[in-house]
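Trainee: Hi, I have a new model open and could use a hand reading it. Can we walk through it together?

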Amino acid sequence: MIFTCRTFVPISPLLLNQLLPIKFVQQHQHLSQAKTNLTSLQSPVSLLPLPRFIASNSWWNWNWNSRRYCSGVVMASVNGVQDPQSISYLRQQEAAEIDEILMGPLGFSVDQLMELAGLSVATAIAEVYKPNEHNRVLAICGPGNNGGDGLVAARHLYHFGYKPYVCYPKRTPKPLYNCLVTQLESLSVPFLSVEDLPMDLSDSFDILIDAVFGFSFHGTPRPPFDDMIKKLVNLSNPDLRPSKSPAIVSVDIPSGWHVEEGDSSGDGIKPDMLVSLTAPKLCAKMFSGPHHFLGGRFVPPPIVEKFKLQLPAYPGTSMCVRIGKPPKVDISALRENYISPELLEEQVEADPFDQFQKWFDDAMAAGLKEPNAMSLSTAGSDRNLSSRMVLLKGFDKEGFVWYTNYESQKARDISENPRASLLFYWDALNRQVRIEGPVAKVSEAESEQYFHSRPRGSQIGAIASNQSSVIPNRQYLHQVYQDLEAKYSGLVLIPLLCRRGYLMILSHSQYLYFVLVKSLTSCFLL
Ligand SMILES: NC(=O)C1=CN([C@@H]2O[C@H](COP(=O)(O)OP(=O)(O)OC[C@H]3O[C@@H](n4cnc5c(N)ncnc54)[C@H](O)[C@@H]3O)[C@@H](O)[C@H]2O)[C@H](O)CC1
Ligand SMILES: [K+]
């Protein structure tokens, strides 16, 4: 077994040292779902011998024995601040103080913070519990701002496709709360009184949001919240818990828990999910459920510095971030309910290229990230298949074009066996397109034109990484990159050395398959 590292080169070397870990972390987060699915496969990593490094133009991966079995998905774990041991936990007094500073000198309004807090709760719920399986949500809202977060979360969940209900027995007579209630009423969200609540909540709801008390809770719960919390406690008692019970999601603090000491008696709520806001409170150290998230992506640097906060980085534009490892999943139990319209013959274009253009436009319009990303599969004369993701760089009625290094493994495969298979998968649209056919090189002029259209750093990076060759270490690539940058500093046009392009030519007797996932498969003969 060989553990290989592929380094992302095409960026300024000055930034390289800073950016590499960031890219690594981002990739780790981006692929967290994929990693989750593969957790059971990760143990062999520890058995691997010392790593060897193989040059490539992106990503980290490992090889098993042969160069042909690669994956960019399974990789070394990243122990960042997502690690529950290394993040900050707040005392009750600190949480209140942060609130005061945010809403005093830092110029936030409570409405703003509550909106962001409630949105974080809703997005965290949506990350774990899909609306087609967990649709009926009851938000149990208390008299303070924690209750307000629950009202906001209910509204966002409505827009995410859930069916929210609200139980809000002690309404706070302030404009902010009145408006939140009005907004929910305008969506026809039912408000249930305590008396309306069924004895056993498990039959009527799939998710229970515990937004009763937050960080200002003291003592023991007073009526009517004592009984409501008891209902939640009963549901989280493994002996009393019915087989299909709703997921309990606590906002900021499991209600009834001591803000710092947690559930010291052991008789409190045992939520399945805790969404800490701003920073986890000390009691969160006792949370042992499967899903701990942090929300409230609004903490400005003065707060971070004053309270010496160590907080996890939020991925991309997300409003929430998971703390700790996701629970192990049973891969065989992972399934989606695909809802796709039928793909009927009369709805498709007569020309498959026009159909491809139509679907590609749909993927663009849906805002999918890199809709031109495609899996490229090749096999050399040894008939061993290999696949990797590359980017489509153009298509017309002649075929589909991509670029690669002529020294790469895929290029070697194509030189031995000039055929390939392309696969586009547009997840959010439940669509995929398969294209199979012969491959030829594009002209040198076309390759050159594309090469020089790339950012200068990418051009140098492409030359620096002698793809699929073994390199001594990561520093080697940094050095090569720097040397090339110095070498070409006076040149306007960097010479194209080995990176060229391919065209998959599609002619009569080739197939383009337009596939709706879990629906009828349709194919078109050219
Ligand atoms: N900066 C942030 O992180 C933000 C957090 N938000 C949320 O606000 C709560 C804290 O809100 P606060 O209004 O201060 O307190 P509570 O919601 O915990 O409720 C206070 C409320 O409850 C009553 N109460 C206290 N103890 C008891 C008891 N034993 N029995 C009955 N009633 C009790 C008290 O009288 C008050 O009426 C925080 O956790 C976040 O969820 C903001 O939304 C945004 C900024
Ligand atoms: K709560």
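This is a predicted model: local features need pLDDT of at least 70, side-chain atom pairs count only at pLDDT 80 or more; totals for chains, interfaces and linings use all residues.

Mentor: Gladly! First, a rule: two strands pair if DSSP finds at least two bridges between them. Helices (H or I, at least four residues) and strands (E, at least two) are DSSP runs, numbered from the N terminus.

Trainee: In β6, what is the bridge partner of I140?

Mentor: I140 has C167 as its partner there. Strand β5 (residues 136-141) runs parallel to β6, and 5 bridges join the two.

Trainee: And what is the strand order of the open sheet?

Mentor: Its 7 strands go β6-β5-β7-β8-β9-β10-β11, with mixed pairing. β6 (163-167) and β11 (320-323) stand at the edges with a single partner strand each, so one side of each has no neighbour in the sheet.

Trainee: Switching to helices: at what angle do α4 and α5 pack?

Mentor: About 55°, with the axes of α4 (residues 110-128) and α5 (residues 145-159) 7 Å apart. Axes here are lines fitted to C-alpha atoms, for helices over the stretch in contact, and angles run from 0 to 180 degrees between N-to-C directions. That makes α4 oblique to α5; under 35 degrees counts as roughly parallel, over 145 as roughly antiparallel, 65 to 115 as roughly perpendicular and the rest as oblique.

Trainee: Which residues of α4 and α5 make the contact?

Mentor: Among them are M114, L119 and I125 of α4, and V152, R155 and L157 of α5. Contact means heavy atoms within 4.5 Å.

Trainee: What about α4 and α6, how do they cross?

Mentor: At roughly 40°, and the axes of α4 and α6 (residues 175-186) come within 11 Å. V110, D111 and M114 of α4 meet L176, Y177 and L180 of α6.

Trainee: Last topic: how many aromatic pairs are there?

Mentor: The count is 14, where rings of Phe, Tyr and Trp (its six-membered ring) pair if their centres lie within 6.5 Å; planes under 30 degrees apart are stacked, over 60 edge-to-face and the rest tilted. One of them is F213 with F225, edge-to-face at 5.4 Å centre to centre and 70° between the planes.

Trainee: Where do F213 and F225 sit?

Mentor: F213 is in the loop between β7 (207-211) and α7 (225-236), while F225 is in helix α7, 12 residues apart.

Technical notes: Residues are numbered from 1 along each chain as its sequence is written. Chains are lettered from A and ligands numbered from 1 in the order in which they are written. Side-chain values use heavy atoms; hydrogens and water are left out.
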